[in-house]
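Subject: The model we talked about, with notes

Hi there,

Here is the structure for you to open on your side.

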Amino acid sequence: MKKISLLIVFVLGITAVYGQDFLKKSKVSGSFQMDGNYYWEDKGIGITKEDINGEEFGAYGFGKLQYQLGNFTAGFRFEAYQTTPMSGFDSRVKGMGIANYFATYDDGTIGVTVGDIYDQFGNGLVFRSYEEWTLGFDNALRGIRAVYRPWEGVTLKGLYGKQRFYWAGYGENVPTSESRGMVRGVDGEWDLNSSIASMNNSKFRATVGASFVSKYEDASTLFVNGEELVMPQNVASYAGRLNLGYGRFTFSTEYARKINDPSEFNNYIYKDGQELLASLAYSQKGLGVVLQVKRVDNMSFKSNRLATQNDLDIGFIPPLNYTHTHSLPSMFSYATQPLGEMGVQFQVNYTIPKNTALGGKYGTKLAFNYSQVNDIKRDSINVNGVNMLNQPGTKGYTSPFFAVGDRMFYRDLNFEVEKKINTKWHLTLMYINLYYDMETIENHPGAEAVEANIAFGEVIYKINRNNSIRLELQHMWDNVGPNHTIEPGHESYYTKRGNWFAFLLEYTIAPKWFVSVADKYNYGNPIADNRDHYITGSFGYIKDQTRIAISGGRQSEGLVCVGGVCRTVPASSGISLTITTSF
Amino acid sequence: MKKSLAFLLFGLMFFGLNAQNKSDLPNITLKDLDGQSINIAELSNDGKPFVMTFWATWCGPCVKEHNALSDVYDDWVEETGVKIFSVSIDDARSTAKIKPFVDGKGWPFEILLDVNKELARAMNVNNPPHTFLFDGDGKIVWQHTGYLDGGEEDLYQEILKISK
């Protein structure tokens with residue numbers, strides 16, 4: 001009681017002295033989003049009453065409120081997830097409450113945050129906390145963070161806390177499956193051009209940075225395959241990064257390492273993990289070229305050694321491949337493989353200049369992209385005279401740094417031409433060749449890889465200033481034909497295989513209205529019962545920062561992926577409403 | 001523990017009060033395409049209006065909007081002196097690709113990298129594209145989510161209203 005009255009006096013004091021200022025300088029803002037779904041039975045695509053399980057309604061919403069007073073900001077986010085089996089969210093996300101709150105003071109030199117923290121060190125290899133609403137993903141760190149910028153171009157950060165794990169409590173008395181270790185990290189970055197006067201306007205640019213992150217979990221011993229293993233209490237990881245630029249060239253790289261971290265995810269091996277990311281880019285007005293490589297070896301880094309899937313990641317492994325947004329290729333999105341992968345990505349963007357034979361009046365935009373991801377090579381190790389691979393309690397395997405594994409996980413080659421023909425017509429064409437290792441990416445043992453060619457075409461006709469019609473056509477040729485023989489028990493691997501045809505027709509009245517109808521038709525599916533149409537209709541209204549959209553129809557099974565993290569959405573049939581706004 | 005936390009909170013607020021904060025721009029530092037740190041609170045266009053638009057390479061409507069803005073940008077600058085700050089919310093997956101992507105498309109805007117959506121969160125951006133129009137003092141006068149073909153014209157009408 002005494003504390004409360006003390007607080008009241010304190011607040012009143014501030015208000016009395018600064019009352020006028022308070023009102024003038026205070027700023028309240030926020031945002032809101034709600035997605036509501038109603039699902040129904042649809043025998044055509046195999047959705048029965050049992051699948052819906054009496055939970056026809058799904059609703060997912062958040063409201064965020066933020067208060068700002070000069071350099072001080074505080075806010076919270078209320079979340080409500082009423083998930084259903086049809087929504088494809090992890091069932092643990094179900095619940096409601098204030099999931100996130102924070103208070104920050106930052107004057108540009110010193111910054112302090114208490115509460116739920118989102119941050120990233122470098123590319124995030126050893127630390128990244130973030131949220132993706134569409135995936136139901138949030139690994140915010142509840143704790144404290146300090147940022148200090150002693151002089152121009154130098155940033156030092158330190159943080160300490162515990163990650164969010166769905167709705168699990170943050171105290172000591174949570175079940176083992178919900179416990180999380182403490183995460184502690186420091187990061188420093190030095191931008192030479194900003195801090196050294198003679199380099200301010202130099203053609204040569206350089207930034208260097210380093211981070212150190214450690215997690216602490218209670219000591220424990222685990223019995224794996226009948227053998228007692230001692231788990232490390234502290235697991236350290238560190239990374240160094242470098243960014244160099246000279247004129248039109250940029251080179252950036254980051255290397256990370258993690259010491260022994262046996263976990264459920266890596267089958268309790270004690271091998272150190274490592275990761276390398278490097279990019280070389282050249283760019284000038286109208287031309288951009290970038291080559292990237294990466295290598296990941298045993299880099300799953302989680303704050304609970306028992307966690308699997310996408311849970312409780314401390315580090316982030318960026319996928320490098322192109323993100324497809326068109327409906328057919330995006331059914332086969334790559335998900336990063338933290339246990340090991342080697343990838344390369346090459347991209348060219350070029351604009352054929354205006355007023356040339358090929359460029360026409362507006363120029364023609366070309367894009368080429370190639371990416372490939374393979375497994376790493378793993379050699380067995382000798383344990384007590386026996387050669388073994390990936391045995392719990394051992395160092396697992398050795399992996400030559402530059403050797404590429406035989407198994408290809410993903411390959412994508414695509415080419416795009418985009419052309420504004422005149423003020424009325426706009427045309428985009430794209431060709432995509434995909435290789436998708438379904439067995440690895442979707443964890444379907446024995447599934448055949450997808451080798452597909454996809455053609456995409458889009459034409460926009462602008463009727464007048466506000467009214468436009470857009471038509472999108474897509475076709476996918478799969479290596480699995482309609483007469484393909486299917487091994488018994490593998491039927492579920494073929495829900496999206498075989499040839500597809502898709503179209504989308506949209507009418508828009510800028511800036512407010514849009515209506516569209518679309519169909520995806522899996523006419524070439526090897527299982528006759530799966531040759532289904534997925535027809536959807538959408539209608540929406542936008543007023544300034546508010547958007548309301550209603551859509552209904554069939555949703556095909558697929559992966560929703562954001563930044564390499566994916567969520568599987570089952571096929572469903574129903575109607576959905578989305579409202580989003582901010583203030 | 002609770003008490004000291006509450007005091008810390010009020011202490012922070014007290015400090016906050018002493019700062020000058022006339023604009024709607026938060027005190028957040030992002031990098032530009034050359035790796036230089038830019039304090040968002042210090043963004044300005046010499047007293048003229050400016051636009052801040054959030055986008056991502058994986059967002060189709062965003063790329064369309066940028067292409068459309070790029071086509072008319074020279075005329076807009078000539079007529080109103082407006083400036084466009086374009087904030088990419090792509091994560092580390094694309095950080096190294098943004099510069100060649102933007103140059104390859106020939107976009108003339110000043111690009112900022114919001115790799116962990118820090119600015120997007122502070123500005124209450126739920127989904128890209130999301131476009132803000134600021135007056136010469138850095139106050140938000142208009143905002144819009146989504147992009148439909150021809151939508152840039154409505155932004156231009158709003159710019160004309162505040163640039164005399």
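Predicted model: local features only at pLDDT ≥ 70, side-chain atom pairs only at ≥ 80, totals over all residues.

In chain B, helix 2 meets helix 5 through Glu65(B), Ala68(B), Leu69(B), Val72(B), Trp76(B) and Thr80(B) on the helix 2 side, and Glu152(B), Tyr156(B), Ile159(B) and Leu160(B) on the helix 5 side. Two residues are in contact here if their C-beta atoms, placed from the backbone, lie within 7 Å. Helices (H or I, at least four residues) and strands (E, at least two) are DSSP runs, numbered from the N terminus. The residues of this contact between helix 2 and helix 5 of chain B divide into 7 nonpolar, 1 polar and 2 charged.

Residues are numbered from 1 along each chain as its sequence is written, and chains are lettered from A and ligands numbered from 1 in the order in which they are written.

Back to the helix pair. Helix 2 (residues 60-80) and helix 5 (residues 152-162) of chain B pack with their axes 10 Å apart and at an angle of about 25 degrees. The axes are lines fitted to C-alpha atoms, for helices over the stretch in contact, and angles run from 0 to 180 degrees between N-to-C directions. Helix 2 and helix 5 of chain B are therefore roughly parallel to each other (angles under 35 degrees count as roughly parallel, over 145 as roughly antiparallel, 65 to 115 as roughly perpendicular and the rest as oblique).

Which residues of helix 5 of chain B are buried? They are Glu152(B), Leu155(B) and Ile159(B). A residue is buried if 20 or more other C-beta atoms lie within 10 Å of its own, exposed if 12 or fewer, and partly exposed in between, with C-beta atoms placed from the backbone. Among what covers them are strand 3 (50-55), helix 2 and strand 6 (130-134) of chain B.

Helix 3 of chain B is another one to look at: 11 of its 11 residues are buried, so it is largely enclosed by the rest of the structure. Those buried residues include Ile98(B), Phe101(B) and Val102(B), and also Lys97(B), Lys99(B) and Asp103(B). Gly106(B), which follows helix 3 of chain B, has a positive phi near 75 degrees.

Taken as a whole, chain B has 5 helices and 7 strands, and 55% of its 164 residues count as buried.

Now for how the chains meet: 54 residues of chain B are in contact with 81 residues of chain A. On the side of chain B that touches chain A, the elements giving two or more residues are helix 1 (2-17), strand 2 (37-39), helix 2, helix 3 (95-105), strand 7 (140-145) and helix 5. Helix 1 of chain B gives the most, with 12 residues. The residues on this side of chain B divide into 18 nonpolar, 22 polar and 14 charged.

A few backbone details are worth a look too. The peptide bond from Pro128(B) to Pro129(B) is cis, with omega near -5 degrees, and Pro129(B) sits in the loop between helix 4 (118-122) and strand 6 of chain B. In chain A, the peptide bond from Ala510(A) to Pro511(A) is cis, with omega near -5 degrees; Pro511(A) is in the loop between strand 28 (500-509) and strand 29 (513-521).

Tyr268(A) is not a glycine, yet it has a positive phi of about 55 degrees. Tyr268(A) lies in the loop between strand 17 (249-258) and strand 18 (273-284) of chain A, and counts as buried with 22 C-beta neighbours inside 10 Å. Asn298(A) also has a positive phi, near 55 degrees, and is buried, with 28 other C-beta atoms within 10 Å.

Best wishes

How values were computed
Nonpolar A, V, L, I, M, F, W, Y, C, P; charged D, E, K, R; others polar.
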